[in-house]
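User: I would like to go through this model step by step, with each answer showing how it is reached. Could we take it as a set of questions and answers?

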Amino acid sequence: MPQRRQLDPVLKGGIIGRLETGQTQTEVSGALNVAQSVISRLWRRFEDTYTCTRSPMGHNAASGPIFDLNSTT
């Protein structure tokens, strides 16, 4: 079973940079020895949020906190 490891920010930036220059996810995967599914998730997250980092729990990248602190109910 493959071991899971977190990608460091430099590697994430390199992956996004390669994809932006036109390399395919499969090419990047092979060159950097990272699973294609990881590349795909990172790229999808980047397209949605324009960042390579995950948002903290309890937050939605598009609208901020999921709960409303100003709610009176």
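User: In this predicted model, which residues in H3 do Gln25, Thr26, Val28 and Ser29 in H2 meet?
Analyst: The model is a predicted one, and its helix H3 covers residues 36–49, while H2 covers 25–32. On the H2 side the residues that take part are Gln25, Thr26, Val28 and Ser29. Their partners in H3 are Gln36, Ile39, Ser40 and Trp43.

User: Which residues of H3 are buried, and where on the helix do they lie?
Analyst: A residue counts as buried when its relative accessible area is under 20%, and in H3 this holds for Ile39, Ser40, Leu42, Trp43 and Phe46. When H3 is viewed down its axis, these buried residues fall within an arc of 165°, so the place they line is one face of the helix.

User: How are H1 and H3 placed relative to each other?
Analyst: The axes of H1 and H3 come within 10 Å and cross at roughly 80°. From H1, the residues Lys12, Ile15, Ile16, Leu19 and Glu20 meet Ile39, Leu42, Trp43 and Phe46 in H3. Since angles of 65 to 115 degrees count as roughly perpendicular, H1 and H3 are therefore roughly perpendicular.

User: Within what arc do the buried residues of H1 fall?
Analyst: H1 has 12 residues and reaches 16 Å between its first and last C-alpha, close to the 16 Å expected. Its buried residues are Lys12, Ile15, Ile16 and Leu19, and they pack against H2 and H3. Seen down the axis of H1, these buried residues line one face of the helix, because they fall within an arc of 95°.

User: What is the handedness of the crossing of H1 and H2?
Analyst: H1 and H2 pack with their axes 9 Å apart and at an angle of about 140°. In this pair Leu11, Ile15, Arg18 and Leu19 in H1 meet Gln25, Val28, Ala31 and Leu32 in H2. The crossing of H1 and H2 is right-handed.

User: Is leucine 7 buried or exposed?
Analyst: Leucine 7 lies in the segment before H1, and, not counting residues up to four places away in sequence, it touches Lys12, Ile15, Val34 and Val38. One of these, valine 38, is 31 residues away from leucine 7 in sequence, although the two are 9.6 Å apart in space, C-alpha to C-alpha. The relative accessible area of leucine 7 is 15%, and because the cut-off for buried is under 20%, leucine 7 is buried.

User: Is arginine 5 buried or exposed?
Analyst: Arginine 5 also has its place in the segment before H1. Leaving out residues up to four places away in sequence, arginine 5 touches Leu11, Asn33 and Val34. Its relative accessibility is 55%, and because values over 50% count as exposed, arginine 5 is exposed.

User: What is the phi of asparagine 33, and where does this residue lie?
Analyst: Asparagine 33 is exposed, with a relative accessible area of 67%, and it lies in the loop between H2 and H3. Although asparagine 33 is not a glycine, its phi is positive, at about 55°.

User: In what order do the elements of the protein run from the N terminus on?
Analyst: The protein has three helices and two strands. Buried residues make up 19% of its 73 residues. From the N terminus on, the order of the elements is α-α-α-β-β.

How values were computed. Residues are numbered from 1 along each chain as its sequence is written. This is a predicted model: local features need pLDDT of at least 70, side-chain atom pairs count only at pLDDT 80 or more; totals for chains, interfaces and linings use all residues. Side-chain values use heavy atoms; hydrogens and water are left out. Helices (H or I, at least four residues) and strands (E, at least two) are DSSP runs, numbered from the N terminus. The expected span of a helix is 1.5 Å times one less than its number of residues. Buried means under 20% relative accessible area, exposed over 50%, partly exposed in between (1.4 Å probe, protein chains only). The arc is that of the directions from the helix axis to the C-beta atoms. Contact means heavy atoms within 4.5 Å. Axes are lines fitted to C-alpha atoms, for helices over the stretch in contact, and angles run from 0 to 180 degrees between N-to-C directions. Angles under 35 degrees count as roughly parallel, over 145 as roughly antiparallel, 65 to 115 as roughly perpendicular and the rest as oblique. A crossing is left-handed if the near helix is turned anticlockwise from the far one by less than a right angle, and right-handed if clockwise.
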